[in-house]
Each structure stands twice: as C-alpha cells, then as structure tokens.
Amino acid sequence: MNIEEFKKHGHAMVDWIASYYENIRDYPVKSQVQPGEIFEQIADSAPVQGEPMERIFQDFKEIIMPGITHWQSPNFYAYFPANASFPSLLGDMLASALGSQCMIWDTSPAAAELEEKVMIWLRDMLGLPAAFTGVIQDTASTATLCALISAREKLNDYEPNSNGLFNNRPMRVYCSEETHSSVEKAVKIMGLGKHNLVKIGVDEKMALKPALLKQAIEEDIKKGYQPLAVVAAIGSTGTVAIDPLAAIVKVCSDHGVWLHVDAAYAGSALILEEYRWMIEGIEDADSFVFNPHKWLMTNFDCSAYFVKDEQALVKTFSILPEYLKTNTTGAVKDYRDWGIQLGRRFRSLKLWFVIRSYGVEEMKTILRNHIRIAEKLSEKIREHKDFEEFTTSLNLVCFRYKPDGEEEVETLNHLNKQLMDALNASGKMYLTHTKIGDNMVLRLVAGQTHVTEEDVMCSWDIIRETAVGLRD
C-alpha cells in the first residue's frame, strides 16, 4: 500500500468510524452470534498473495462486525465500561502511526517525559499525596502484580529476586471476599500460592471488616507466617463496595504490612471532591491503582499506578543488559524498570489528549451526570413493587426482579437469570450479574461515555416489560 492508497482507505475508515458512532444505538449491544460462527467464515489458511483493502474491509463489516459486542453503546451496562472518546481515539491513532517503542527515555524522550507529567496531573486531579509517583501500566491486574512483587522484595531485602523463595517463610496476602480476581492471579504468578491469599469477611455493605483483618494477621503471625500485603478495594467488582481505608491503614501500619489500594473503577470518581472520603488515610498506603480506561473517557488500555517508594519499584524490576545502557541511564526515568514489560506503548498521548480536550471541569460534569442517572434508576426500582434494589454505589445499581409475594431464593434466582438472558438476547442492552449472599442480582452500570438519562430510562421500561413477560 502506497501513501495515496493509505490516504484513500484511511479517510474511508475514519468516515466509517464516525458513522458507526452516529448509529451505534442501532447495533445489538451484545453480539448475537453462536460459538464457532465467526471462525467458520474465516479462510482456513493465510492468503498466498495479498488481497485488496476493499475486500478486507468488506469482510470486516460482514464477518467481524456481527461478532462484536459494542462496548461503546450507551446501552452497554455490563461489567465496568471500557470507555472511549473521540480525543482518545485521535491520540491513539497518532501513537499507532508513530509506532514508538517507549521502553527507555532514549527511545522517545517525549513519551517518557509526557508520561511523567501526565501522571503528576492525574495524581493532583485525584487528590493523592505528592509523595506518590506514577507510571502507566496496561491494566490494574498488572499493577497489582507489580505492587505485590515489590512488597515481597522490600520485605525480604530483595533476596527472592536473587535466590528464589526457597529460604523464606510462607508469605500471606489479605483482601476482602469481594476483591477482584486479579489478586488471586497475582499471588499464583508470584509463587506464593493461592492458599496463602486470605479472604476477609465483609459487612452488610460488602466492605472488608478491619477487625477480622487484624485478627487474621495476628493469628498468622502466631502460626509462623509472614504477613506480606493487604489489598483494599475502593470499589469492589461486584457492587462497588468501598473498604474502610483509614481503619485498614492502621492495621497495616501496626504490623508493618504493605497496603495496596485497588481503585481500578471507582478511582476515577476521586476527581470529584465530594468522593475524596473514599481515600481517607491514603497518605499511609504504599501503592494505588485506577484505570482511566474504565470511566475517564480514555480508550483501553491505560492503567495509572502510583507508588510511594519509587526505589522499591525500580529495584524490584530493574535489569540493565549492555544493549540498554545509554548516556542518560540513571539521570532520567526509564520506564522499562517500572513494571513487567520491557516494551511499552505510548499510552500517555491519548490520556494527554483526553484531559486537555475535556478539561477537568467537564470530566467532573460527565461523572456527576452518570452518578445522578444511577440514583434516578435506583429511585425508580425502589418505587416498584415487583423489583428490589440491593445497593447503589456511584453509578452502579444492583437490583433484582422480585414479583410481589415471591420469597423463594432459588425461584427468584432462576427468574433473574431468565430475565438477564432475555434482555441480553434481545440486543437492546447488555447486563451482567453478581451474588449478594445467596441472591443473584443484576448489575447496571451507567458509565458509558455517551449514555444519557433517556437511554437508561428507556432500558428500565424494557426491563419491566420483559419481566412481566416471564410471568405470563
């Protein structure tokens, strides 16, 4: 493809993207294809000769698009959103065009220094202490793994990196029963074993109980374990429960335990001053992560990881082979030393575009509007005799269909599974579920970049109508 052909097809694809967003409400939110349906339409072997872009693009539209679940649809209420915005797309296009591999300062000074500055912007926007230093990771799962490995190395004077874990007492990591599964994956990857992840009970708001955490740590010390780290959830995956950070900080400080704060989703709300209560005590935490790619209009992937002890992170991950030595080594931030990957994308560019394009005040307005929409839906659910609200936190509403007079848990769980499946199969919206106690509840997150109150209220009408149909 020459430059002229690139311009021709590039313009055509930008036009298609614009049209896609203009008409995104017309697509079935959740893909309606069956397993294997896309696979069977793709050629069994790679083409020997190159094919024209017109044909490739046509196959994209006819084969690939039916198998896409539309995360940018305003009626995507499942999981947590993977938000995008036009400024973010443009920044990512430029980053892709430059094709920079931003492993060290020398390979693109602008990428390193923009990342350093944008992370300062984010730190200050969220109200984090100035003692924290930031780096962009791909996902919060990676950031949590980095935090726990750093905790392991610092606790053991960096010996495990040299000699392995053979001479160490078993180490324990603590989190609530509601904390994200990435914590369990991290303890498996880093060699601690999942049986050394201690899950602490939660209260009626699904938040970790500090008294039970204290008890678990003290019992483990008596048994000869090494308490290593606690992961506090500022916004759990199931219900956006907020662990009581200040009380957890005290337990960790009393026992010399690393505290990692996982605010992957809810952390975006910290740009709103009225939600800073969620991180009271953060100055005594060791690390913090949140994902701009979830609720801050920055397309996937972009995870902001902050640490108090910068040297602990660098000392844990730094390896300096001869081919990476430069004249600036030690004088600049070489972000290859700040995480697992050597190769790094130019992620800070799209984040810079987003923050500059929206401005902090407009970003606040968007988040407050999402929270307001969720509160409006919560009010509608509470007013309806056949629905039950379980919890509303930020812009997530957890609820279930509960026909008047029906009390049997298994029956209600079956009904709500039917309801969710019918709604998702309709293509009109996409919901997921969680368990609160023995109860299956539906989760609706009003957080997609372009979602409106009208979208959610229309979906609420469809939910009610579909539920009535289940009982007829």
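This is a predicted model: local features need pLDDT of at least 70, side-chain atom pairs count only at pLDDT 80 or more; totals for chains, interfaces and linings use all residues.
What is the handedness of the crossing of α9 and α10? The crossing of these two helices is right-handed.

**Helices α9 and α10**

- The axes of α9 and α10 lie 9 Å apart, and the two helices pack at an angle of about 15 degrees.
- Helix α9 is therefore roughly parallel to α10, as angles under 35 degrees count as roughly parallel.
- On the α9 side, the residues that meet α10 are Pro210, Leu213, Lys214, Ile217, Glu218 and Ile221.
- On the α10 side, their partners are Ala247, Ile248, Val251 and His255.
- By class, the contact of α9 with α10 comprises seven nonpolar, one polar and two charged residues.

**Buried residues of α10**

- Helix α10 spans residues 245–255, and its buried residues are Leu245, Ile248, Val249, Val251 and Cys252.
- These residues lie on the same side of α10, because they cover an arc of only 165 degrees around the axis.
- The elements covering the buried residues of α10 include α9 (210–223), β4 (226–233) and β5 (258–262).
- Ile248 and Val251 are among the buried residues of α10, and both also take part in the contact with α9.
- Gly256 follows α10 and has a positive phi, near 65 degrees.

**Helices α4 and α13**

- Helix α4 (residues 86–98) and helix α13 (residues 348–358) cross at roughly 150 degrees, and their axes come within 8 Å.
- This angle makes α4 roughly antiparallel to α13, a description that applies to angles over 145 degrees.
- The crossing in which α4 passes α13 is right-handed.
- Helix α4 contributes Pro87, Ser88, Leu90, Gly91, Asp92, Leu94 and Ala95 to the contact, while α13 contributes Leu349, Lys350, Phe353, Val354, Ser357 and Tyr358.
- The contact of α4 with α13 contains eight nonpolar, three polar and two charged residues.

**Buried residues of α13**

- Ser348, Leu349, Lys350, Leu351, Val354 and Ile355 are the buried residues of α13.
- The elements against which these buried residues pack are α4, α5 (109–126), β1 (133–137), α11 (292–295) and α14 (360–383).
- Leu349, Lys350 and Val354 are among the buried residues of α13, and they also belong to the contact with α4.
- Helix α13 is followed by Gly359, which has a positive phi, near 80 degrees.

**Helices α6 and α12**

- Helix α6 (residues 140–155) packs with helix α12 (residues 310–317) at an angle of about 90 degrees, and their axes are 9 Å apart.
- The two helices, α6 and α12, are therefore roughly perpendicular to each other.
- Cys146, Ile149, Ser150, Glu153 and Lys154 of α6 make this contact with Ala312, Leu313, Thr316 and Phe317 of α12.
- Five nonpolar, two polar and two charged residues form the contact of α6 with α12.

- Ile200 belongs to strand β3, which covers residues 197–200.
- Ile200 counts as buried because its relative accessibility is 4%, and the cut-off for buried is under 20%.
- With its neighbours within four places in sequence left aside, Ile200 is in contact with Tyr174, Cys175, Ser176, Glu177, Leu208, Lys209, Leu212, Leu213 and Ala216.
- Leu213, one of these contacts of Ile200, is also one of the α9 residues that meet α10.
- Ile200 and Ala84 are 116 residues apart along the chain, and 35 Å separates their C-alpha atoms.

Notes
Residues are numbered from 1 along each chain as its sequence is written. Side-chain values use heavy atoms; hydrogens and water are left out. Axes are lines fitted to C-alpha atoms, for helices over the stretch in contact, and angles run from 0 to 180 degrees between N-to-C directions. Helices (H or I, at least four residues) and strands (E, at least two) are DSSP runs, numbered from the N terminus. Angles under 35 degrees count as roughly parallel, over 145 as roughly antiparallel, 65 to 115 as roughly perpendicular and the rest as oblique. Contact means heavy atoms within 4.5 Å. Ala, Val, Leu, Ile, Met, Phe, Trp, Tyr, Cys and Pro count as nonpolar, Asp, Glu, Lys and Arg as charged, and the others, Gly among them, as polar. Buried means under 20% relative accessible area, exposed over 50%, partly exposed in between (1.4 Å probe, protein chains only). The arc is that of the directions from the helix axis to the C-beta atoms. A crossing is left-handed if the near helix is turned anticlockwise from the far one by less than a right angle, and right-handed if clockwise.
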